[in-house]
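Opening the notebook on this one. I'll jot down what I looked up, one entry at a time.

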Amino acid sequence: SIELNKVESTEQGCLSVFLLDNETGHELHRFRLDLVVFDQKGVYAKQLLIDMAPLYEDKKTMASFLLGDVACDDIGSVLINDVPQCENGAGASLDCVKLLQVQSRSDIPLEK
């Protein structure tokens with residue numbers, strides 16, 4: 001599961017804090033997200049490729065990233081467009097999009 005736990009406007013842009021909970025039964029050595037950021041009107045604003053690996057089996061992990069050089073109030077939603085890399089320790093690819101559960105505790109919705 002991935003939760004957009006918190007967002008905070010900084011001088012560099014909107015800082016996001018994600019809480020990841022790996023309940024796949026595998027340690028994930030590769031886990032890369034393709035995120036799309038939309039503005040308040042639902043118009044594409046930015047696309048980001050974020051590497052969140054490694055994710056240890058049955059462990060929660062916090063990760064923070066800038067969602068762009070805009071204020072958080074200007075962001076309408078964040079879409080997990082794809083998981084282009086999701087591999088366990090043996091190098092086998094997993095269909096992490098199908099396994100993914102998303103939620104948001106911030107004012108910005110996280111969708112898949």
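**Helix, sheet, pocket**

I started at lysine 98, which sits in helix α1 (residues 96-99). Helices (H or I, at least four residues) and strands (E, at least two) are DSSP runs, numbered from the N terminus. Ground rules: this is a predicted model, where local features need pLDDT of at least 70 and side-chain atom pairs count only at pLDDT 80 or more, while totals for chains, interfaces and linings use all residues. Residues are numbered from 1 along each chain as its sequence is written, and side-chain values use heavy atoms, with hydrogens and water left out.

Is lysine 98 buried or exposed? I got 68% relative accessibility, so lysine 98 counts as exposed (buried is under 20% relative accessible area, exposed over 50%, partly exposed in between; 1.4 Å probe, protein chains only).

I found an open one of four strands, ordered β4-β3-β6-β8, with mixed pairing. Its edge strands, β4 (44-51) and β8 (110-111), each pair on one side only. Two strands pair if DSSP finds at least two bridges between them. β6 (residues 75-88) and β8 run parallel and are joined by two bridges. For valine 78, the bridge partner I noted in β8 is leucine 110.

Last, the lining of the largest pocket. I noted 14 lining residues, with Ser1, Asp21, Glu23, Thr24 and Leu99 nearest the centre. β2 (13-21), β3 (28-39) and α1 are the elements that give two or more residues to this lining. A pocket here is an open set of points on a 1 Å grid over the protein atoms alone, where a 1.4 Å probe fits, with protein on both sides within 12 Å along at least five of seven lines; lining residues have an atom within 4 Å of a point.
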